[in-house]
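Hi,

Here is the structure I promised to pass on. Have a look at it first, and my notes come after.

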Amino acid sequence: MSIRPLVIIPDSKLRLVSEPVKEITSEIRHLADDMLETMYDAPGVGLAAIQIGVPVRMVTMDVSKSEDERQPLVLLNPEIVWASEEKRTYEEGCLSIPEYYEEVERPDRVRFRYMNLQGETIEQDADGLLATCVQHEIDHLNGVLFIDYLSKLKRDRVMTKFKKAAKREAGV
């Protein structure tokens, strides 16, 4: 297992639509291990493969409150199959948009389907932080960032800030 570098905005990779996982190989299992290690190290509660530059439909999540009681989830080809009409606002952040947080409104409850690393298809209901996290991470697989739910003014400010930072790092 190894910690992989995170892809940070304005990197255009974050706008790619990820490809489905066709079969569970040793490479996919290794990627899942690396993603979990990277996510825990960051620290974060969710990570999509594209956030480490791999455009496959894989997500790792762990919304447990304690490091002693970790409950890692690895979702292959996840999809939302139902969402409540009731909405909920939650403060979101993103490992690819470091140290920026904003309120985002999303469906309060969802049902999602995914394949686990054993090849089993699982359907699961979620509310609260898990519902928010699964929606946020599935958005990543579709090239959508949480800032896309904000006003154009807020989104433009965030992008300008990170573009300037990227230029400074590049020495431009």
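Below is what turned up, starting with the annotated site and moving on to the salt bridges.

Some ground rules: this is a predicted model, so local features need pLDDT of at least 70 and side-chain atom pairs count only at pLDDT 80 or more, while totals for chains, interfaces and linings use all residues. Residues are numbered from 1 along each chain as its sequence is written, and side-chain values use heavy atoms, with hydrogens and water left out.

The site first. An unreviewed UniProt entry lists C94, H136 and H140 as "binding site"; UniProt positions are in the numbering used here, feature names are shortened, and annotations may be inferred rather than shown by experiment. The three span 47 residues in sequence, yet no two of their C-alpha atoms are more than 10.2 Å apart, so they gather at one spot.

C94 sits in strand β4 (residues 87-94) and H136 in helix α2 (residues 128-141); helices (H or I, at least four residues) and strands (E, at least two) are DSSP runs, numbered from the N terminus. C94 is buried at 9% relative accessibility, and H136 is buried too, at 6%. (Buried is under 20% relative accessible area, exposed over 50%, partly exposed in between, with a 1.4 Å probe and protein chains only.) Leaving aside neighbours within four places in sequence, C94 is in contact (heavy atoms within 4.5 Å) with Q51, Y100, H136, H140 and F146. With the same exclusion, H136 touches E92, G93, C94, R106 and F146.

Now the salt bridges (a side-chain nitrogen of Lys or Arg within 4 Å of a carboxyl oxygen of Asp or Glu). The whole structure has 11. Among them, R4 and D34 meet at 2.9 Å, N to O. That pair links distant parts of the chain, 30 residues apart: R4 is in the segment before α1 (26-41) and D34 in helix α1 itself. D34 is buried at 1%, whereas R4 is partly exposed at 24%.

R15 pairs with D148, the closest N and O atoms being 2.6 Å apart. Here R15 is in the segment before α1 and D148 in the loop between α2 and α3, 133 residues apart. R15 counts as partly exposed at 38%, and D148 as partly exposed at 27%.

D125 bridges to R111 at 2.7 Å between the closest N and O atoms, joining strand β7 (residues 121-127) to strand β6 (residues 109-115).

Cheers
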